[in-house]
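Hello,

Here is the structure I promised to hand over. Please open it first, then read my notes below with the model in view.

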Amino acid sequence: MSGLTWMGEVPPQKWMNFYTKILSKFASAAGLKLTVKVDVTPEGDVSKQKVDETKSALRELGLNDDIDCR
């Protein structure tokens with residue numbers, strides 16, 4: 001078998017378990033690519049402060065801080 005692919009939703013309460021039980025087995029080897037889509041739809045609006053904090057945190061992690069606000 002040359003590789004594997006999985007796609008599905010991981011509830012926020014299980015993110016750490018997902019990493020521990022699945023991703024950690026592949027994290028030290030080359031060839032692991034993880035694509036994440038975050039969709040936040042609260043009952044009220046997302047405040048500008050939370051958007052700015054999220055952008056800042058993404059930059060601190062060395063990630064793209066381009067957020068699509070709707």
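**What I found**

Lys-55 is partly exposed, with a relative accessible area of 27%. Lys-55 sits in helix α2. From Lys-55 to Glu-9 there are 46 residues in sequence and 23 Å in space, C-alpha to C-alpha.

Please keep in mind that this is a predicted model.

**Helix α2 and what follows**

Helix α2 covers residues 48–60. It has 13 residues. From its first C-alpha to its last, α2 reaches 18 Å, which is close to the 18 Å expected at 1.5 Å a residue. Just after α2 comes Gly-62, with a positive phi of about 75°.

Thr-54 is also part of helix α2. Thr-54 is partly exposed, at a relative accessible area of 38%. Thr-54 and Ile-67 are 13 residues apart in sequence. In space, their C-alpha atoms are 8.7 Å apart. Both residues come up again with the second largest pocket.

Ser-47 belongs to the loop between α1 and α2. Ser-47 is partly exposed, with a relative accessible area of 34%. Ser-47 and Lys-37 are ten residues apart in sequence and 20 Å apart in space, C-alpha to C-alpha.

**Salt bridges**

How many salt bridges does a search of the whole structure find? It finds three. In general, side chains of opposite charge can pair when their charged atoms come close.

Start with Arg-70 and Asp-39. Their closest N and O atoms are 2.6 Å apart. This pair links distant parts of the chain. Arg-70 is in the segment after α2, and Asp-39 is in the loop between α1 (15–27) and α2. The two are 31 residues apart.

Next, look at Asp-52 and Lys-48. Their side chains meet in a salt bridge at 2.8 Å, N to O. Both residues are in helix α2, four residues apart, so about one helical turn separates them. Asp-52 is partly exposed, with a relative accessible area of 35%. Lys-48 counts as exposed at 61% relative accessibility.

Then there is the salt bridge between Asp-65 and Arg-59. The N to O distance here is 2.4 Å. Asp-65 counts as partly exposed, at 24% relative accessibility. Arg-59 also counts as partly exposed, at 48%.

**One aromatic pair**

The search of the whole structure finds one aromatic pair. In it, the rings of Trp-6 and Phe-18 have their centres 5.5 Å apart. Their planes are at 40°, so the pair is tilted. This pair, too, links distant parts of the chain. Trp-6 is in the segment before α1, while Phe-18 is in helix α1. They are twelve residues apart. Trp-6 is exposed, with a relative accessible area of 53%.

The largest pocket has a volume of about 1300 Å³. It is lined by 27 residues. Which of them are the closest to its centre? They are Val-10, Phe-18, Leu-34, Thr-35 and Val-36.

By class, the lining of the second largest pocket has 13 nonpolar, five polar and seven charged residues.

**Where to look**

Finish at the largest pocket, with Val-10 among the residues closest to its centre.

Best wishes

Notes:
Residues numbered from 1 in each chain as written. Predicted model: local features only at pLDDT ≥ 70, side-chain atom pairs only at ≥ 80, totals over all residues. Heavy atoms only, no water. Salt bridge = Lys/Arg side-chain N within 4 Å of Asp/Glu carboxyl O. Buried < 20%, exposed > 50% of the residue type's maximum accessible area, 1.4 Å probe, protein only. 1 Å grid on protein atoms, 1.4 Å probe; cavity = no way out; pocket = protein on both sides within 12 Å on 5 of 7 lines; lining within 4 Å. Points joined across faces, edges and corners; volume = space filled by probe spheres on them. Nonpolar A, V, L, I, M, F, W, Y, C, P; charged D, E, K, R; others polar. Phe/Tyr/Trp six-rings, centres within 6.5 Å; stacked < 30°, edge-to-face > 60°. Expected span 1.5 Å × (residues − 1).
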